[in-house]
Each structure stands twice: as C-alpha cells, then as structure tokens.
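My notes follow, in the order I took them.

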Amino acid sequence: MIKVKNLKKNFKDNEVLKGINLDIKKGEVVVILGPSGSGKSTLLRCLNYLETPTNGEIQISDLKVDAKSIKKKDIYNLRKESAMVFQHYNLFNNKTVLENVREALLVVKKLPFDEATKISKEALTKVGMIEKSDFYPSTLSGGQMQRVSIARAIALNPNVILFDEPTSALDPELVGEVLSVIKDLAKEHRTMIIVTHEMSFAKEVSDRIIFMADGYIVEEGTPLEIFESPKEERTKQFLKRLKSE
C-alpha cells in the first residue's frame, strides 16, 4: 500500500530525515511518536510532497515516485492519493463549512456541483458538523474546525489520511471530540498515519507504533511491544520522561 525507501530530507546543512524505510499495509493505522525535532512532521509532509525530499522513493498504491526524477505531474498524482489533516486546520476563512469541504471535490476531483455537495454533507454528518454547514470558521471552536478539516479529508476518499498532530493546537477540553472522530475512522479500517503526543490515544487506536528520534526510525512494533517492553534505550528514555511529566 505505502512503501518508503531511503527517504532523506535536508534543510540546507541540517539533515532532518536520514534514510527512512517504511512499509504500511492497506487499512493499517500507524502512529508516529518521538521528541520534537525528530522528523515526524517532515516525514508526513514528504509523503505528499508538501516538502520535497532530498532523496528516496515513495510509493502509494500503484504510484511510485523517485525524488531524483520526479515531475510536476507525478507530484499532482501523488497528492491525489492522500489527504492531510493539519495542526492548525488550514480552512478558508471566507468560505462556509460546507464550501470548505466541497472546494477540493470541485477543484481537484472536478466533480459536478450536486455530487460534490452530497459527498460533502455526508462527510460533515460523519464528523457531527452537518448543523454547522452554513457557518464560517471564525464562529467555530478549535475542535469544530478540526472536525471540518477531517470531513474535508474523508470527502476526498483518499487511499491514506495523514494527521499532523491534529490535537496539539486545541484546548484540553476540546481534544476528546477530535480523537473520538479519528477513533471512529480507525474502526472503518482506513489507512491512516498519525503524528501525535496523545499516548493513551496512540495505544487505543494504532495497529503499529513507530518511534522516531534524530531523523531515524529507532523502533517500531505493536502498542503493547512499544509501551510495555521497548527494546531500544532511546525509546525507553522517551517513554520514561513522558510518564514523569
């Protein structure tokens, strides 16, 4: 489903990703954990070329691209394979909730207006936001805005949904409503990659956990393996520090 081979990313002299190799099966929910600066969000952004990798290959479904020879058309096609849910929502402030979800269906998928509207309303219903269809983002809470952003992602029916710390910009009392929506999506066996700091959520929702540090994948395994019996010292230190906070 998703294959990443020797993925590297440099920002000038700073090598943020140092050769990532990763396979993700269809329907698998993978959570990426790690300290700040470990390369988690950069990896996510490289998967849909919001950041251009310095080196390496990415394959999603049947589409395979190589950083050394990629063309604009390849980037466009790769982005159609995934949808991203951002930390800060990235909604259009001048568009209603419904318009925000419908926009990509009209522009990217080129669907007829009525079909795009129907799909958008179904997605908003799924995340509990259909009653807010005619509202603007400025009138919504952070949790509501993030649910709209998730609706926008699922409306596209992508092969994989990428979540970049979807709750880190939210007030603590709003986190639960967003995590609940993501848990429901996980039950549908959608392929998802989630960067998060929410440990109990990671345990509950993931099929596999990847621990990153210093631009590498240090360790990966089931939630039980990573949280109860991590093998690598770097993983043990990270989890120990989290428990003490």
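I began with terms: two strands pair if DSSP finds at least two bridges between them. Strands (E, at least two residues) and helices (H or I, at least four) are DSSP runs, numbered from the N terminus. This is a predicted model, where local features need pLDDT of at least 70, side-chain atom pairs count only at pLDDT 80 or more, and totals for chains, interfaces and linings use all residues. Residues are numbered from 1 along each chain as its sequence is written, and side-chain values use heavy atoms, leaving out hydrogens and water.

**Entry 1, the four-stranded sheet.** I found an open, antiparallel sheet with the order E2-E1-E4-E5. Strand E2 (14–24) and strand E5 (63–66) each have a single partner strand, so one side of each is left without a neighbour in the sheet. I then looked up E1 (residues 2–11) and E4 (residues 55–60), which pair over five bridges. Val4 stands opposite Ile58 in E4. Helix H1 (residues 40–47) packs on this sheet, touching E1, E2 and E4; contact here means heavy atoms within 4.5 Å. Helix H2 (residues 72–79) also packs on the sheet, and touches E4 and E5.

**Entry 2, the six-stranded sheet.** Next I traced an open sheet with mixed pairing, in the order E6-E7-E8-E3-E9-E10. Its edge strands are E6 (82–85) and E10 (216–221), each pairing on one side only. Which way do E3 and E9 pair? I noted the parallel sense, over four bridges, for E3 (residues 29–33) and E9 (residues 208–213). Val30 has Arg208 in E9 as its bridge partner. Helix H5 (residues 142–155) packs on the sheet, touching E6 and strand E7 (160–164).

Key: Axes are lines fitted to C-alpha atoms, for helices over the stretch in contact, and angles run from 0 to 180 degrees between N-to-C directions.
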